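Consider the structure shown below.

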Amino acid sequence: MSVLFQTGKLCLYKKCLKTSFCKYVFLRKASDVPRQFVSFDEIVAQRRAEARRSLVVQVNSESSFTELYGYCSKYATVNDIHHYKNSGGEHFMLIECSTEENLKDVLQNCSSHQKDLDVMAVPSPFLWFRAAPGKEKYPVTTRSLAVKDGCNKVDEDALYEELLNCGTVSDQIQLLYDRTVLNDLGIRLRYMVARQLEVIFSSLYANIAIQPFGSSVNGFGKMGCDLDLVLTNALTNEMTAANRRLVYQEKKTEGGRSPWQRHMELVAALLELRAPGAARVQRVLHARVPIVKYAHDMTDLDCDLCYNNTSGVYMSELLYLLGSMDNRVRPLVLAVRRWARAVTLTCAQPGRWITNFPLTLLVLFFLQQQRLLPSVRQLVQLARKGDIRIAEDNLNCTFLRDASRLPAASRGDHNLQTLLMQFFEYYAQFDFQDKAISVYEGNPVRKPNALPLYIVNPLEQALNVSRNVSYEELERLRLEVRNAAWQLEAGLEGKKGDDWGILGLIEQRSTRSLKKLLRVGNSHRLVSVKDLFNDKEDDPNSTEIKSKVQRLSKTEKDNVNELKDSVVKDEKNSQNVKEKQTQSMKYKNTQVRNEVNRIRRGKIV
Ligand code: GTP
Ligand code: MG
């Protein structure tokens with residue numbers, strides 16, 4: 001993504017949100033004339049306002065659009081309706097009304113469940129659309145859905161084909177970014193989930209705000225990334241005005257434990273009882289930052305809700321700012337994150353390995369070394385009065401917020417391919433033994449202790465954001481960057497193979513070898529389940545596959561047979577799926593299991 005500059009007033013911004021936020025806003029060409037940088041605070045304010053006038057309605061299918069549009073238009077002016085399906089195949093429509101007042105009118109005309117007395121309706125922006133009791137007629141409209149299936153997962157096979165057909169590695173990196181970055185609807189839904197909690201909790205807290213942070217808002221998020229939420233005491237000017245003499249009495253928490261822990265216990269209970277869509281609530285209340293984790297089934301989001309962690313929000317703002325300064329930063333970060341996941345340097349569970357946040361700092365630091373980004377120290381020095389921010393524990397999070405105030409600097413003209421290659425080479429040679437990575441200084445600094453990997457927290461320099469990383473994991477990182485540099489370089493020489501450019505870097509290793517094994521002839525098509533069971537003598541594919549399987553080594557043959565057996569088993573299993581829902585299948589190894597799971601999902605292997 002590149003710098004988010006406003007080339008017109010708010011109406012233009014609105015238009016860009018209506019089309020494809022990320023394409024329009026973030027894919028600005030370097031040649032566009034920047035006029036006004038849209039700050040993180042402005043984006044957040046606009047997104048929050050958008051959520052305050054939006055609803056998510058469960059519907060029967062995408063063809064419910066005309067009826068839903070007609071029905072809501074009785075009460076409100078509808079700006080747009082976006083359609084998506086969750087992983088359970090349920091259909092939803094996100095409706096954006098033109099004003100908050102409009103939305104209130106719609107909500108005032110909502111009803112509760114008619115038949116089940118045990119259902120206690122929750123006033124939240126998540127609703128469902130009941131079938132009409134009789135024949136209702138709505139005026140014919142020329143309007144249509146703004147987006148259909150807006151949250152569909154990226155089709156990995158199609159993406160693979162597209163990447164294969166790119167002209168250059170830079171094109172591949174840009175394409176990977178365009179196809180996988182969090183889209184407009186993804187961002188809207190994240191703000192809706194935050195809004196839902198705000199509405200539910202607002203009857204208990206006078207001045208509560210719930211805000212997304214992390215990769216959902218910092219520009220480095222991909223479709224399906226988790227949702228980090230922070231619950232804060234929103235101290236607005238009105239709420240703190242000295243001339244307001246009547247003040248709410250407070251409830252003092254008793255019992256010795258931190259009041260935040262108690263609040264989070266309540267929040268967790270409310271999530272379980274009063275938040276439609278929230279499921280599998282987990283309390284992690286004894287951590288330094290108490291967190292409540294939950295899944296939001298209607299939006300398919302995994303959420304982490306914490307309390308008063310404004311430094312996390314300022315960190316997201318800093319990353320957003322750095323990512324906005326050059327249109328190569330975000331594609332590069334996403335490519336590196338994807339590579340790290342493919343080679344299992346990162347993992348969904350926390351542990352003794354690096355996570356996406358410190359990995360992102362590694363990329364930003366490398367770009368500072370290339371003089372493509374300024375140091376955080378420079379941003380702090382350029383800060384003005386309006387940039388002062390103090391987070392909890394008096395942590396100073398002041399830095400320049402307006403990127404357009406940065407002095408013009410030459411940022412070099414290396415393309416994404418060169419930058420990716422140099423990134424791997426840079427860390428293949430980095431002195432991790434003695435040096436720490438400091439995005440604050442924009443230079444390596446002396447390591448203050450013997451921890452294997454030291455990445456200075458740019459907002460709290462006494463802290464190491466990678467303190468959890470073990471020696472083994474650091475060694476793996478060093479090995480993998482060397483491998484990646486070698487692989488990328490080798491792939492550039494000679495004819496483009498099936499894993500040329502970033503393809504070899506971003507494909508999961510487990511699927512890569514089996515895919516190679518099952519590739520049909522010289523084509524890029526892979527053996528499908530059908531192929532494995534195809535016995536027709538006159539089918540050239542079948543003959544080719546058979547002879548290919550005959551040429552395989554014993555282990556490889558075992559793998560294919562295992563795959564076939566697994567599929568047979570899988571089919572048998574699916575026939576009895578209802579009775580056997582609890583019985584999990586046994587596979588020889590994870591490779592085979594992953595492939596069979598892919599087949600299960602109806603994809604061609
Ligand atoms: P993914 O969730 O993996 O897509 O990336 P993420 O950037 O959202 O990372 P994560 O969910 O782990 O953390 C959320 C945000 O919390 C980060 O983007 C940072 O802004 C902030 N954060 C994470 N770790 C630290 C830390 O050690 N110190 C501080 N101050 N902030 C952190
Ligand atoms: Mg996150």
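A disulfide is a pair of cysteine sulfur atoms within 2.5 Å. A search of the whole structure finds zero disulfides. The sulfur of Cys 110 has its closest cysteine sulfur in Cys 72, at 8.6 Å, which is too far for a bond. Cys 110 is partly exposed at 35% relative accessibility, whereas Cys 225 is buried at 10%; here buried means under 20% relative accessible area, exposed over 50%, and partly exposed in between (1.4 Å probe, protein chains only).

This is a predicted model, in which local features need pLDDT of at least 70, side-chain atom pairs count only at pLDDT 80 or more, and totals for chains, interfaces and linings use all residues. Residues are numbered from 1 along each chain as its sequence is written, and side-chain values use heavy atoms, with hydrogens and water left out.

The loop between helix H5 (100–108) and strand E6 (126–128) contains His 113; helices (H or I, at least four residues) and strands (E, at least two) are DSSP runs, numbered from the N terminus. His 113 is partly exposed, with a relative accessible area of 35%. Leaving aside residues up to four places away in sequence, His 113 touches Val 119 and Trp 128, where contact means heavy atoms within 4.5 Å. The C-alpha atoms of His 113 and Arg 130 are 9.5 Å apart, and these residues are 17 apart in sequence.

Helix H15 (residues 416–429) packs against helix H16 (residues 471–492) at an angle of about 145°, with the axes 8 Å apart. Axes are lines fitted to C-alpha atoms, for helices over the stretch in contact, and angles run from 0 to 180 degrees between N-to-C directions.

Methods
Chains lettered and ligands numbered in written order.
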